[in-house]
Amino acid sequence: MKLGIHAYEWCSEWSNDTLDIIDKVKEWGFDFIEIPLMRLDLFDPKAVKERLDGFEVATSNVLLADDVDVTSFDPEIRKNGVRYLKDCIKASAEAGAKMFSGVIYSQYLKDAKKMPSEEEWQFSADSMRELARYAADFGMSIAFEPVTRYESYLLNTAEEAVRLVDMIGEPNVFIHLDSYHMNVEEKSFHDAVVTAGSKLSNFHMCENDRGIPGTGHVDWDGVFRAFKEIGFDGYLGFEGFSDCTDNMSTWVWRKLAPDGDTFVRESIDFARKMMQKYGV
C-alpha cells in the first residue's frame, strides 16, 4: 500500500505559496501527498505537477455550497455540482493525479430535516455516474468518504458507501474510509473494512480525536487485520489539521500533538509497525 499525508497538516489553504509542502512530504519518505481542492481557484495544476516531478499525488474535496449539491431537488443545482466536480477532475488530472475522493456525493453539513429519500439517493448516483465516466476519460478514479451523521445525511457507514457504489455501477468508483468517522458510526472497525472489501481504495488513518494514531482507542489491530484479509493495496494516509479554516470546519480547539513534525514522525512509526505486524 502507499503511505501518504494530507497537506492540511501544514497549511489551512492550498496555493502556490504552499508548494514547498510537497518537498516536506518527499523528505519524510512518503509515497504520496493528498492535496485538497477546497479552493479550486487557487490550485495551479502546472505548478503542482512541476513541483511533484513524478511524485504521486491524490486530490480530494468537500461539497460545501448550496449551489453544488448533487442531491438537490433542483436539477440546475445538480448540474452545477457535476460541472464543478468535473473541473476538479480536470485540474487533478492536469497535476498528475489518478485519484479524486472526499465528500463529493452530497452537500457537506446539509441542513437536512429528514432521512434521504430514494429519489435523493438516485440523484447522487446519477450525478456520480456522470462524474465517474468523465474521470475515466482521464484515467482517473473517484472515491466516496463516509463521514459522521453531523456532517453528512447520506453516507455515514461503509455499508451505505457500498450501496452507492453499486447503484453507480462504474468500475472506477471506490470507497474512502476514515477511522475518525468510523469511530462514531461503525460497530466494528474490522467489519467496516471487510464490508468495503475490494472497493476500498483510500483510508485515512486518524485517531479517535484526530491525534497521533496509536494514542487513542481506535482498534488498529482490527483495521490492519482486515487490510490483510481484503488485500488492501491503496492509499493509506494521515489527515491532521494545522488549524481551523474558513474552507472546512474542523472543530479542533486544542493541540493534538506537540508540533507537526512529532505528529508525522510518530504516525509514520506507528503505521509501519502495524504494517509489519500484519504483513501488509
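Biologist: Hi! How far apart are the mean positions of the positive and negative charges in the protein chain?
Modeller: They are 2 Å apart, for 31 positive and 50 negative charges. Lys and Arg count as positive, Asp and Glu as negative, with His and the chain ends not counted; each charge is placed at NZ of Lys, CZ of Arg, CG of Asp or CD of Glu. Keep in mind that this is a predicted model, where local features need pLDDT of at least 70, side-chain atom pairs count only at pLDDT 80 or more, and totals for chains, interfaces and linings use all residues. Residues are numbered from 1 along each chain as its sequence is written, and side-chain values use heavy atoms, leaving out hydrogens and water.

Biologist: What share of the 280 residues is buried?
Modeller: Buried residues make up 57% of them.

Biologist: Switching topic, what about contacts in the protein chain?
Modeller: Taking contacts with a separation of 6 or more, 77% join residues 24 or more positions apart. Contact means heavy atoms within 4.5 Å.

Biologist: Last one: what box do the C-alpha atoms fill?
Modeller: Roughly 45 × 40 × 35 Å, taken along the principal axes.

Notes
Buried means under 20% relative accessible area, exposed over 50%, partly exposed in between (1.4 Å probe, protein chains only).
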